[in-house]
2 protein chains.
Amino acid sequence: MPPEEFRAAAHRAADLMADYLQGVGAYDVVPKIAPGAVRAELPASPPEQGEGIDGILADYKRLIEPNVTHWNHPGFLAYFAITGSGPGVLGEALAASLNVNAMLWRTGPAPTELEETVCDWLRQAIGLPPEFAGHINDTASISTMLALAAARHRLPGLQIRERGLAGRRDLAALTVYASDQAHSSVDKAAIALGIGLENVRKVPSDKRFRMDAQALRVALRDDRAAGRLPVAVVATAGTTSTTSVDPLREIAGICAEAGVWLHVDAAYAGSACVCPEFRALLDGLECADSIVTNPHKWLFTPVDCSVLFVRDPKLLREAFSLVPEYLRTSETGATNLMDYGVQLGRRFRSLKLWMVMRYFGLEGLRARIRSHVAMAQVFAARVDAEPGFERCAPAPFSTVCFRAVPEHLRHDPAAQDAFNEKLLAEVNAAGPVFLSHTKLRGRYVLRLTIGNLRTEARHVDAAWELVLKRAEFLRNAKG
Amino acid sequence: MPPEEFRAAAHRAADLMADYLQGVGAYDVVPKIAPGAVRAELPASPPEQGEGIDGILADYKRLIEPNVTHWNHPGFLAYFAITGSGPGVLGEALAASLNVNAMLWRTGPAPTELEETVCDWLRQAIGLPPEFAGHINDTASISTMLALAAARHRLPGLQIRERGLAGRRDLAALTVYASDQAHSSVDKAAIALGIGLENVRKVPSDKRFRMDAQALRVALRDDRAAGRLPVAVVATAGTTSTTSVDPLREIAGICAEAGVWLHVDAAYAGSACVCPEFRALLDGLECADSIVTNPHKWLFTPVDCSVLFVRDPKLLREAFSLVPEYLRTSETGATNLMDYGVQLGRRFRSLKLWMVMRYFGLEGLRARIRSHVAMAQVFAARVDAEPGFERCAPAPFSTVCFRAVPEHLRHDPAAQDAFNEKLLAEVNAAGPVFLSHTKLRGRYVLRLTIGNLRTEARHVDAAWELVLKRAEFLRNAKG
């Protein structure tokens with residue numbers, strides 16, 4: 001692309017981006033299309049001849065932009081709401097123009113050192129001690145997989161890196177522990193690592209959806225007695241359903257006693273620790289062997305940006321480092337980020353996090369996290385005060401689990417589930433808000449979460465009004 | 001970030017990007033800095049107060065841009081040279097502004113369907129039959145890991161997903177086969193998957209650095225006889241050292257006979273198949289069970305974009321799909337891309353590939369691949385014609401392996417190695433070009449590769465002139 005053509009197109013793209021971010025609230029959060037609708041508009045085969053960039057950008061505006069789910073919409077209150085903030089978006093754009101693959105220090109000196117630096121900034125920001133070193137992965141799924149691989153590697157005398165797991169008489173079943181509220185990424189890591197789904201012990205959670213530490217202690221003891229080999233415990237700080245936090249300090253004590261690796265999945269709630277007042281909820285976090293937290297979740301950084309902190313990065317390096325001849329370099333004292341995981345190729349992800357942390361500053365990050373939590377607390381209080389509704393879990397951060405309990409269905413939990421499922425569909429069909437759901441103790445529960453910088457009190461109010469109205473409509477429809 | 005502030009900053013970023021891409025050739029390819037130099041310029045702690053975007057962009061321009069290795073430089077002739085072309089960069093910028101996580105169809109309808117469509121475009125472009133379905137991963141390392149996990153999952157009656165690999169009497173050592181020229185990602189996948197490095201059989205390669213298919217046949221037979229369990233063969237189409245291509249059709253026949261999965265690592269040479277005349281070099285590719293090819297390598301798409309084609313995507317889904325309640329949706333007939341691998345979160349990577357394929361068209365892509373190959377052939381011919389130099393491997397695509405063989409060292413291979421290592425350091429220290437190296441049959445070899453759209457014949461000529469001059473200088477310095 002000739003330089004001046006690129007410049008003009010980049011300015012057009014800048015306006016497309018700015019227009020979108022300015023006007024995103026005018027869309028329905030979820031586009032009202034059926035599967036296949038976009039595909040039907042796309043040619044079945046690639047073009048033989050090249051096309052002008054203006055036509056491509058026009059198609060983007062016409063066909064792509066309206067048909068994404070608008071994660072930037074102020075009414076996006078589902079899953080974990082996220083924000084690709086302005087400085088983060090610009091960081092991604094600049095990184096794309098550099099197109100650096102920072103697999104080695106030599107192939108990306110500034111990206112390597114910026115990654116080390118901003119991970120250390122983040123470490124300080126969330127109050128972790130200096131012995132933790134971080135690096136950036138694409139997702140928490142990969143971060144957790146790498147952490148469990150390091151735990152597996154640490155098992156003494158087994159040489160799993162060299163000898164693998166299969167066909168060995170000297171190996172017991174490797175076992176991983178997580179609460180019944182833990183994220184599916186623990187299961188996926190167990191599949192990938194050859195541990196197996198059956199060997200992920202789902203430790204029961206208590207009434208507040210936190211891992212029952214005593215049950216963990218018993219499971220570890222019984223498994224050892226039965227000849228199993230515990231590899232790691234994955235505690236969660238901010239579970240996906242309710243944002244509950246496992247009792248980290250108690251679990252850490254049990255892990256230390258048992259000589260088992262403690263990995264903490266703080267993908268969501270780690271960001272809350274930029275506010276000192278939330279650190280008490282994650283008390284004991286600093287006792288972990290590894291911690292994942294995702295700035296792309298609640299720290300206003302575009303996907304993908306997942307930071308894995310490890311107390312002893314040497315273990316990760318020993319588990320994964322393999323330097324083929326064509327990647328040998330002579331620099332001493334340099335970090336080669338490819339040594340810390342499976343992936344050789346590495347995008348320049350630290351740039352966006354650096355720009356986000358500088359643009360907002362710690363004060364700005366804290367203020368926004370606090371505002372999200374405050375809005376969620378107001379919403380929780382409304383649920384609590386509303387007859388015909390109940391809150392289904394504590395709301396320590398910015399996520400509220402609740403359900404309608406219509407009077408006429410008070411004694412029929414299955415019918416309540418069906419009612420709430422319909423209620424969610426009705427609310428989401430309206431357009432301006434998007435909530436999600438989960439199941440808690442077998443019951444269908446609605447979930448509202450706040451994590452987008454564009455979300456203001458009025459959007460949360462509107463969501464609540466809509467829930468009330470649609471619930472009333474459904475109650476009346478039933479008679 | 002207020003909308004008008006974002007708009008202004010996005011236009012500034014557009015100019016930064018355009019200026020960079022226009023002027024990148026004025027930099028040395030590799031910045032002349034020592035490890036720690038960038039870090040020393042960065043504050044040790046994150047700022048408390050937020051800062052203006054202009055200052056951040058100024059620091060980017062001052063501290064980051066000059067201190068990356070310039071993969072966009074026309075003189076970048078190392079590793080595999082890549083290009084983040086204009087339309088690809090704009091695709092990344094637009095995707096960042098959407099900030100979609102297309103884990104589910106519902107959370108990204110257009111991204112999901114565009115990914116299906118452009119992967120099918122790419123399938124057609126490289127001449128694969130319609131039974132292959134593709135999806136996009138971040139890296140070939142992950143694509144290969146997923147392919148091997150699918151192969152492992154296909155082993156009959158073993159329930160590895162459920163039961164794992166460890167502590168089982170019914171499992172032999174799982175074994176994977178690749179040539180001694182295969183990429184380290186095969187080894188890393190074997191570590192991650194619990195197969196173990198010892199269980200990656202490095203099948204010898206022939207004089208042209210292609211897997212010796214008969215040696216593979218023998219290894220499979222002997223291993224089975226010894227009670228091992230072959231899982232997969234990884235053949236390479238475009239090895240990292242020499243871009244040799246394993247005899248795919250012959251290997252496919254052996255795999256079919258042995259009932260073993262064939263994965264083809266075509267991360268580099270897959271792109272060459274957009275030109276029909278190169279498909280003969282990859283004859284038999286269509287017999288594979290899975291194929292990885294990286295548009296971020298030689299198809300002008302910014303990192304990261306690795307496409308994994310699988311003949312039977314159901315196997316990948318069966319190996320990895322896990323749908324927790326909070327991600328259950330009701331759409332029928334929709335693909336949920338999270339089901340095909342470890343990672344739940346997914347960036348909108350198909351947008352850039354769509355824009356690249358439309359902007360260049362198949363004709364434009366072919367013309368550029370051909371031009372790169374032609375320049376490499378000219379370079380190879382110069383090496384062949386030059387006394388005191390020798391070519392060290394066939395150059396079927398755009399990569400040439402060569403070394404100096406100075407007369408005074410003709411009978412001292414170790415001294416030749418040292419000479420070539422010094423020669424590479426001298427050439428790279430000059431600034432305008434960046435070559436890399438490898439070892440072939442134990443000998444130190446220089447590597448020149450062409451993959452950047454900015455590279456013209458004059459840059460390759462200049463590289464050769466520089467090599468000749470520095471070699472002469474070194475010869476003279478020795479006396």
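Select Arg403 and Asp417 of chain B: the side chains of Arg403(B) and Asp417(B) meet in a salt bridge, 2.5 Å from N to O. A salt bridge here is a side-chain nitrogen of Lys or Arg within 4 Å of a carboxyl oxygen of Asp or Glu. Arg403(B) sits in strand β9 (residues 399–404) of chain B and Asp417(B) in helix α15 (residues 413–430) of chain B; the two are 14 residues apart. Helices (H or I, at least four residues) and strands (E, at least two) are DSSP runs, numbered from the N terminus.

Buried or exposed, Arg403(B)? Arg403(B) is buried, at 3% relative accessible area. Asp417(B) is buried too, at 12%. Buried means under 20% relative accessible area, exposed over 50%, and partly exposed in between (1.4 Å probe, protein chains only).

A note on the ground rules. This is a predicted model, where local features need pLDDT of at least 70 and side-chain atom pairs count only at pLDDT 80 or more, while totals for chains, interfaces and linings use all residues. Residues are numbered from 1 along each chain as its sequence is written, chains are lettered from A and ligands numbered from 1 in the order in which they are written, and side-chain values use heavy atoms, with hydrogens and water left out.

Next, select Asp206(B) and Arg210(B). Their side chains form a salt bridge of 3.1 Å, N to O. Asp206(B) is partly exposed at 25%, and Arg210(B) is partly exposed at 32%.

Now show both chains. Select Arg347(B) and Glu92(A): the closest N and O atoms of this salt bridge are 4.0 Å apart. Arg347(B) lies in the loop between α13 (313–320) and α14 (350–385) of chain B, and Glu92(A) in helix α4 (residues 86–98) of chain A, so the pair joins two chains. Both residues are buried.

Finish on chain A. Select β8, β9, β11 and β10: an open sheet of four strands in that order, with antiparallel pairing. Strands pair if DSSP finds at least two bridges between them. The edge strands are β8 (389–391) and β10 (436–440). Three bridges join β8(A) to β9(A). Phe389(A) stands opposite Ala404(A) in β9(A).
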